[in-house]
Amino acid sequence: MDNEINSGGRSLLPARRVFGYTLVAAAVAVLLTGCQDSGSGVEVSAGDSAAAEAPDGARGSGEKRDDGPRRLLWMGDSIGEAQAPALDAAMEAGGVTFESVAAAGGGGVVGEIAAPTWDRLPKTLKSFAPDVVAYQVTTYDWGAPAEQRAAYERLVKTVNEAGADLLLVSAPPFKLDDFYQPHEKEIESAPRSAKSVADKHPDTAAFLDASALWGDDSGAEQAQRSKDGIHSCQQGSAAFAVWFGEQLERRYGFAPAAADAWATGEWTGDKVYSRLGCA
């Protein structure tokens, strides 16, 4: 029987699954090396990704749907913004229309800092009309657990009323610098709060625990953080896009495009990576 790994209060994952995702991430990283310099990418193969297992809980009932996603809205902060170019390329290759509203310095749904998100979201839901909305828990989702749960409940309600499913995705581990340290407990409780809310709405919401990909240590190689210890460069973003596609496959029966169909391209030269000092 597989050894169990405690993921900091989140769902327990068999050790072999974590190892499998580590191999996938490493393969993407090695094969993407050097793509930032050219802006057009290099050959990438993610053949091993199909063998990696998706973590439990990708859909509350364990059932698949065959009616989505066709239009995916991506939400998050600057970490999500750095992942968006790879997601866009992967989704487009898989026949999914993609839009990102991930915002540097914001993008959250908890507390006063979330006001711009709540102002913009109804307009975006109406104009873009997604069938799936994916919200990556932000580094700014500060508040007591009750406040976090209330915000995530509001997000579920808002998204579902617009006719879309909501996927709540845990953030990767990131360096708690002087800015984040005062909010360490809130940052730790946010994914637990998100999961508790998603569990109440198994047919229209789900919590995806990305620690299967990133692990829980921001300083470990598995976390694939950039020089700042917070964001991801092209390799990490591509690895996330592969993993996320597998979660969509588990929940919806979506067939993700092979990485070599999208991982070499103009997205690797996006200005977000130059700002992060990705080489």
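Student: Is the crossing of helix 5 and helix 6 right-handed or left-handed?

Tutor: A crossing is right-handed if the near helix is turned clockwise from the far one by less than a right angle, and left-handed if anticlockwise. Helix 5 and helix 6 cross in the right-handed sense. The helices are DSSP runs (H or I, at least four residues), as are strands (E, at least two), numbered from the N terminus. The model is predicted: local features need pLDDT of at least 70, side-chain atom pairs count only at pLDDT 80 or more, and totals for chains, interfaces and linings use all residues. Residues are numbered from 1 along each chain as its sequence is written, and side-chain values use heavy atoms, with hydrogens and water left out.

Student: At roughly what angle do the axes of helix 5 and helix 6 cross?

Tutor: Axes are lines fitted to C-alpha atoms, for helices over the stretch in contact, and angles run from 0 to 180 degrees between N-to-C directions. For helix 5 (residues 145-161) and helix 6 (residues 184-198), the crossing is at roughly 45 degrees, and the axes come within 9 Å.

Student: Which residues in helix 5 and helix 6 meet?

Tutor: Contact means heavy atoms within 4.5 Å. On the side of helix 5 there are P145, Q148, R149, Y152, E153 and V156, and these meet E186, S189, A190, S193, A194, S196 and V197 in helix 6. By residue class (Ala, Val, Leu, Ile, Met, Phe, Trp, Tyr, Cys and Pro nonpolar; Asp, Glu, Lys and Arg charged; the others, Gly among them, polar), this contact of helix 5 with helix 6 has six nonpolar, four polar and three charged residues.

Student: With which residues is P145 in contact, leaving aside its neighbours within four places in sequence?

Tutor: P145, which is found in helix 5, is then in contact with S189 and S193. The C-alpha atoms of P145 and E186 are separated by 7.5 Å, although the two residues are 41 apart along the chain. Burial is read from relative accessible area: buried is under 20%, exposed is over 50%, and partly exposed lies in between (1.4 Å probe, protein chains only). P145 counts as partly exposed because its relative accessibility is 36%.

Student: How do the axes of helix 3 and helix 8 cross?

Tutor: Helix 3 (residues 78-93) and helix 8 (residues 234-252) have axes that come within 8 Å and cross at roughly 50 degrees. The crossing of helix 3 and helix 8 is right-handed. A82, Q83, A86, L87, A90 and M91 of helix 3 make the contact with S237, A238, F240, A241, F244 and L248 of helix 8. The residues of this contact divide into ten nonpolar, two polar and no charged.

Student: Which residues of the largest nonpolar core touch the most other members?

Tutor: A nonpolar core is a set of buried Ala, Val, Leu, Ile, Met, Phe, Trp, Tyr and Cys residues joined through side-chain atoms within 4.5 Å. The largest has 41 residues, and M91, L167, F240, W243, F244 and W262 touch the most other members. Elements that each supply at least two residues include strand 3 (71-75), helix 3, strand 5 (132-136), strand 6 (165-169) and helix 9 (271-275). Helix 8 gives the most to this core, nine residues. A second, separate core of 27 residues includes V133, V137, A151 and Y152.

Student: Which residues does W262 touch, not counting those up to four places away in sequence?

Tutor: W262 touches A86, A89, A90, A93, A238, A241, V242, A257 and W267.

Student: Is G265 buried or exposed?

Tutor: G265 is buried because its relative accessible area is 16%. G265 is found in the loop between helix 8 and helix 9. From G265 to A86 there are 179 residues in sequence and 9.6 Å in space, C-alpha to C-alpha.

Student: What is the phi of A129?

Tutor: Phi of A129 is near 55 degrees, a positive value in a residue other than glycine. A129 lies in the loop between helix 4 (115-128) and strand 5, and at 44% relative accessibility A129 counts as partly exposed. Q224, also not a glycine, has a positive phi of about 55 degrees. Q224 is found in the loop between helix 7 and helix 8 and is buried, with a relative accessible area of 14%.

Student: How many helices and strands does the chain have?

Tutor: The chain has nine helices and seven strands. Of its 279 residues, 54% are buried. Among contacts between residues at least 6 apart in sequence, 81% join residues at least 24 apart.
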